[in-house]
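We'll begin with how the strands pair, then move on to the side chains.

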Amino acid sequence: MKRIFVIIVLLLGVVCSSSETASAQETARASRRERKQMLQIKQALLVENLLAQESFVFVAQRAITTLPNMPYVTLSGVNDFIFTKSQITSRLPFYGRLDSAPIDANQGPLAFTSTDFTYKISDGKKATKIVQIQVKRSKSTMAGGAYSVMLEIFSDATATLNVTIGSGGRSTFFGYVQQINEGI
């Protein structure tokens, strides 16, 4: 009889401790879910704030290429696209072919600063924002032609940048948007 009583007490202890462990695990999962939701809200507010200010920088992390046996390149160093209401600055690499070369052989066709552009910010699908930019280029920096830039920004601050050069070149970059730092 004592053995049965001891076994029952031990089983109750195991059941109680496992239910406490399950409860602690549920609490930890709920806490992780809440942190993830708070991070998503924070990122969505950051994107809304950047677009409301009409001032941000796109930092490129990967580029799609037309190079054989290399569909994409992981980028390092300074590869960004800075957007403000009055000026855009592009410091992006170019992987592709063009009908004409830039005047400065040390600069690629996507390395430029311009104040002659128009833009439109609109809502995209699935809580994305679309920034469409038309850049007019001077003949002294490139053999003419406009640049068409489309930046699709997702609610988690990741983004895709597509650049089409008037002479036929096209580049796609993946990265994220952030606030412009004073040092940039």
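Two strands count as paired here if DSSP finds at least two bridges between them. Helices (H or I, at least four residues) and strands (E, at least two) are themselves DSSP runs, numbered from the N terminus. Bear in mind that this is a predicted model: local features need pLDDT of at least 70, side-chain atom pairs count only at pLDDT 80 or more, and totals for chains, interfaces and linings use all residues. Residues are numbered from 1 along each chain as its sequence is written, and side-chain values use heavy atoms, with hydrogens and water left out.

With that rule in hand, go to β7 and strand β8 (residues 146-153), which pair in the antiparallel sense over 8 bridges. As a landmark, find V135, which stands opposite Y147 in β8. On to another partner of β7 (residues 129-136): 7 bridges join this strand to β6, and the two run antiparallel. Here S122 has I130 in β7 as its bridge partner.

The hairpin of β6 and β7 has 5 residues between the strands. In that loop sits K126, whose phi is positive, about 50°, although K126 is not a glycine. K126 is exposed, because its relative accessible area is 82%; the cut-offs are under 20% for buried, over 50% for exposed and partly exposed in between (1.4 Å probe, protein chains only).

Now zoom out. The chain's secondary structure comes to 1 helix and 10 strands, and the order from the N terminus is α-β-β-β-β-β-β-β-β-β-β. Of the 184 residues in the chain, 30% are buried. The chain exposes about 11900 Å², with carbon and sulfur atoms supplying 57% of that area; accessible areas come from the Shrake-Rupley method with a 1.4 Å probe, and for residues only the protein chains shown count as cover. As for contacts (heavy atoms within 4.5 Å), take those in the chain with a separation of 6 or more: residues 24 or more positions apart account for 49% of them.

V47 is in helix α1 (residues 2-53), and V47 counts as buried because its relative accessibility is 4%. V47 and D156 are 109 residues apart in sequence, yet 7.8 Å apart in space, C-alpha to C-alpha. Leaving out residues up to four places away in sequence, V47 touches I153, F154, S155 and A157.

A157 deserves a look of its own. This residue lies in the loop between β8 and β9 (158-165), and its phi is near 75°, a positive value in a residue other than glycine. Is A157 buried or exposed? At 7% relative accessibility, A157 counts as buried.

The bridge partner of I88 in β5 is S114. In a regular strand the side chains alternate between the two faces of the sheet. Strand β5 (residues 111-114) has F112 and S114 on a covered face, and A111 and T113 on an uncovered one.

On the other strand of this pair, T89 has its place in β4 (residues 88-91). T89 is buried, because its relative accessibility is 15%. Its side chain makes a polar contact of 3.3 Å with that of Q87. For such a contact, a pair of N or O atoms must lie within 3.5 Å; within protein, one must be able to donate a hydrogen and the other to accept it, and residues adjacent in sequence count only if both atoms are side-chain atoms. Not counting residues up to four places away in sequence, T89 touches D80, F81, I82, F112 and T113.

Finally, the aromatics. A search of the whole structure finds 5 aromatic pairs; rings of Phe, Tyr and Trp (its six-membered ring) pair if their centres lie within 6.5 Å, and planes under 30 degrees apart count as stacked, over 60 as edge-to-face and the rest as tilted. The rings of F83 and F117 have centres 6.2 Å apart and planes at 65°, so this pair is edge-to-face. F83 lies in strand β3 (residues 80-83) and F117 in strand β6 (residues 117-123), so the pair ties together parts that are 34 residues apart in sequence. Both F83 and F117 are buried, and F56, F83, F117 and Y119 form one aromatic cluster.
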